[in-house]
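Open the model in your viewer and keep the selection tool at hand. The tour goes stop by stop.

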Amino acid sequence: MNKPSQQELWEKIQNFQIDNPASTFPFSKKLAKENNWSPSFTNKVIAEYRKFIFLCCISPNGASPSEIVDKVWHLHLTYTDNYWNLFCKQTLNKEIHHYPSKGGTAEKHKHTDWYDDTLQLYESTFDHKPAADTWPKVQLQPANINEPVYTIAGFNRVIIGFGTLVLLYATAVDLFHTRGQDFLIYYLVLGIAGIITLYITQRHKEKRLKNIVEKSWPQNFTRFQMARFLYGSHRAYQTMLIDLLKRGIIETHGSDYKIAQQQEFNWEQEENPLLQPLMQTYAESDFFTYNEGLGLVDTNAVLHPGIERLHRLSKKVDYQKLIIPGIVLLIGFARFLQGISNNKPVGLLVFEMIIFSIVCLMILQNYSYTRLVRLQLADSWEVQNEQGHGHDIIRNFSILGPSAITGFAEYAVLTSMFNSVVPAQRKWTSGDSAGCSGGSSCSSDGGSSCGGCGGGD
């Protein structure tokens, strides 16, 4: 920031008033409420947003905001007069536009490189590294797990074999020329055969998927990362609180928390992602609420690349599983149309088709990617930790939740508090995993452009 023109611009950005002094609910309060941030952390993020805008203005290649900074930018854009007129035109003398990412792997790589360049520009401009709680380092997502869960040759043999048997069966009993009652019996036999075949293929899929999960088991993950994937963000955050309480770093104070001690920590070896932002935001004897602490947790800190691969695997859609039920239902639908055209009753046929569909859906739900991956990972994690009844209270809590601390006097106040915040979650419930993906971009009328990683639109 050696150029006088840059120094003047930086002073203008620093002095620009985002909050409307006449407003009873100004920008900073709305930002804090929407993100569950403390006032001090909100002010810190707004200060980082000013730095990001300055980098956008001075860099010919633009800059890319962190996910947290991008939240400030998104909200500021909704204050149209303040942003476009007072800020861009009158303060920056240029318009900084925000564009969503086009998506795709190429865009992710581009924005990740852009973000890394921004971190380097930040350090060279302001003579210090950006804080990790507002400018976390980003890594590209590892490749997806594309190993097939069906043995292709074996699955094809099952489908061809089932289709051939159905054809022979239909021909042998002259399926579409039988009386209504006879057809219902024949169709019942066909439905039972379809259910048995579907069950066999899904059992085979379960065994294959179990082997894939075991081979893809993540390495060097933390208790907080596993808790987040299996049980959600609140369980991970509560596990962090229990850890800090056990270490005497924080204390409970009614429904709030108090910083019991401020000291130097080895941040390179520290696993608890809540500790550093707490130490940076609050002083000793300061208080913070449950939601304020939750707002300090960096999303990226509780994501593990290996676990995220399994998360994406659990969201995979298995279209092959629909082939066998589809064959059976197609035959039933053809007979349904035949009955309608001949003015014959079709109520019992529709009933059989509905029952068949319900049974198939139950089987498919029980052997879905989401359930099998999460259940397998949860079972492996629980077995490693004695089903949540081991000697490590933190690991126990990550698995069992508030029930793991029942009976411990020092944690008694937390049980009802945690239960009131979020209901108990199943171990294969849908995760809220989210990382830096997609991104957003902006460009100014001066030709510079800025990309955002993780903000998205």
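Select the loop between helix H6 (105-126) and helix H7 (152-172): aspartate 127 sits there. The model is predicted. Check the backbone torsions of aspartate 127. Phi is positive, about 60 degrees, although this residue is not a glycine.

Next, go to the loop between helix H11 (275-281) and strand E4 (287-288). Pick serine 285 in that loop. Serine 285 is not a glycine, yet its phi is positive, about 80 degrees. Its relative accessible area is 39%, and serine 285 is partly exposed.

Last stop: a helix pair. Two packed helices are described by the angle between their axes and the distance between the axes. Select helix H9 (residues 223-231) together with helix H13 (residues 305-314). Their axes come within 10 Å and cross at roughly 10 degrees. Angles under 35 degrees count as roughly parallel, so H9 and H13 are roughly parallel to each other.

Now show side chains at the contact. Which residues make it? On H9, pick Gln225, Met226 and Phe229. On H13, pick Ile307, Leu310 and His311. Colour the contact of H9 with H13 by residue class: 4 residues are nonpolar and 2 are polar. No charged residue takes part in this contact.

Conventions: Residues are numbered from 1 along each chain as its sequence is written. This is a predicted model: local features need pLDDT of at least 70, side-chain atom pairs count only at pLDDT 80 or more; totals for chains, interfaces and linings use all residues. Side-chain values use heavy atoms; hydrogens and water are left out. Axes are lines fitted to C-alpha atoms, for helices over the stretch in contact, and angles run from 0 to 180 degrees between N-to-C directions. Helices (H or I, at least four residues) and strands (E, at least two) are DSSP runs, numbered from the N terminus. Angles under 35 degrees count as roughly parallel, over 145 as roughly antiparallel, 65 to 115 as roughly perpendicular and the rest as oblique. Contact means heavy atoms within 4.5 Å. Ala, Val, Leu, Ile, Met, Phe, Trp, Tyr, Cys and Pro count as nonpolar, Asp, Glu, Lys and Arg as charged, and the others, Gly among them, as polar. Buried means under 20% relative accessible area, exposed over 50%, partly exposed in between (1.4 Å probe, protein chains only).
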